[in-house]
Amino acid sequence: MNRREQLVEAALRLFRRYGFRKTTVEEIAAEAGVGKGSVYLEFRSKEEIFFALVEEHERAILAEVRQVADSRRKLPQKLTEVALVRPLRNFDELQKLPEVFEVLAALRGRLADRIRPYHVQCEQLVGELIGEGCASGCFRVHDPAAAARAFYSAFDVAFVFTMQGMDRATLEKTLRDLANLLLTGLSGEGK
C-alpha cells in the first residue's frame, strides 16, 4: 500500500470515529504513521482527502454496477439491481459516517466534477441495458439514453428517504417497488 492509500484509509477510520469536522490533518498523519508534511505531499487539504474517499466510493459503485450489468440475470432484474447499488451503498456509508450529507453539501460545488464521471458511466450502462431491452422487444422507449438518465436518477432522488430515518430493509423494498414501477413504464405496459 502506498502512502496516499495509507492516508486515505487512516482518514476514513478517523472520520468514522470522530467525524470529518473534528479530525485534523495532524491526526490523519499520526494514524497513518507519517509526518504532517507527508500528508501535504499527497493532498492539499483535509477536504482533498475526503474527495479521494468519495472517488474511491464512486469507483466501487461503478465496479459493482458493471458486474451486475455483465451478469447472467434477466434484463429487468439487472436493471433493478444496477439501480439499487448506489442508494444502498450510500445508505451503508451513511450509517458509518452520519455527517456525510452535511460535508457533501458544504463541498458540493468542488466535488460535483469528481463524482459526475462515475454517475455518467453508470447511466451509460443503464442506457445500454435499456437499448438491449428495446432491441429484444422487452422495452418500448424512443430514447434509451434519456430513459436511462430518468431511470437511474430516480434512485438518487429516492435516496432522500434515508434522511427520514428509514431503515435499510424498508429503503430496499421502496427502491424495488420504484424499480418495478419504472420497468412497467419501460415495457409499455403502463400505457
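Reader: What makes Glu31 count as partly exposed?

Author: The relative accessible area of Glu31 is 29%. Buried means under 20% relative accessible area, exposed means over 50%, and partly exposed is in between (1.4 Å probe, protein chains only). Glu31 is therefore partly exposed. The model is predicted: local features need pLDDT of at least 70, side-chain atom pairs count only at pLDDT 80 or more, and totals for chains, interfaces and linings use all residues. Residues are numbered from 1 along each chain as its sequence is written, and side-chain values use heavy atoms, with hydrogens and water left out.

Reader: Why is Ser38 called buried?

Author: Ser38 has 17% relative accessibility, so it counts as buried. Ser38 is found in helix α3, residues 36–42. Leaving aside residues up to four places away in sequence, Ser38 touches Arg3 and Leu7; contact here means heavy atoms within 4.5 Å.

Reader: Which helices do Arg3 and Glu42 link?

Author: Arg3 is in helix α1 and Glu42 in helix α3, 39 residues apart. Their side chains meet in a salt bridge of 3.1 Å, N to O. Arg3 is partly exposed at 30%, and Glu42 is partly exposed at 25%.

Reader: Which residues are linked with Asp92 and Arg168 in a network of salt bridges?

Author: The network links Glu81, Asp92, Arg168, Glu172 and Arg176. Within it, the closest N and O atoms of Asp92 and Arg168 are 2.7 Å apart. Asp92 is in helix α5 (residues 75–96) and Arg168 in helix α8 (residues 168–187), 76 residues apart. The structure holds 15 salt bridges.

Reader: Why is the pair of Phe20 and Phe50 called edge-to-face?

Author: Rings of Phe, Tyr and Trp (its six-membered ring) pair if their centres lie within 6.5 Å; planes under 30 degrees apart count as stacked, over 60 as edge-to-face and the rest as tilted. Phe20 and Phe50 are 5.3 Å apart centre to centre, with 65° between the planes, so the pair is edge-to-face. Phe20 lies in the loop between α1 (3–18) and α2 (25–32) and Phe50 in helix α4 (residues 46–69), so the pair ties together parts that are 30 residues apart in sequence. Phe15, Phe20 and Phe50 form one aromatic cluster.

Reader: How do you know that Cys122 is in no disulfide?

Author: A disulfide is a pair of cysteine sulfur atoms within 2.5 Å. The structure holds zero disulfides. For Cys122, the nearest cysteine sulfur, that of Cys134, is 20 Å away. For Cys134, the nearest is that of Cys138, 8.8 Å away.

Reader: How many helices and strands does the protein chain have?

Author: The protein chain has eight helices and zero strands. Helices (H or I, at least four residues) and strands (E, at least two) are DSSP runs, numbered from the N terminus.

Methods. Salt bridge = Lys/Arg side-chain N within 4 Å of Asp/Glu carboxyl O.
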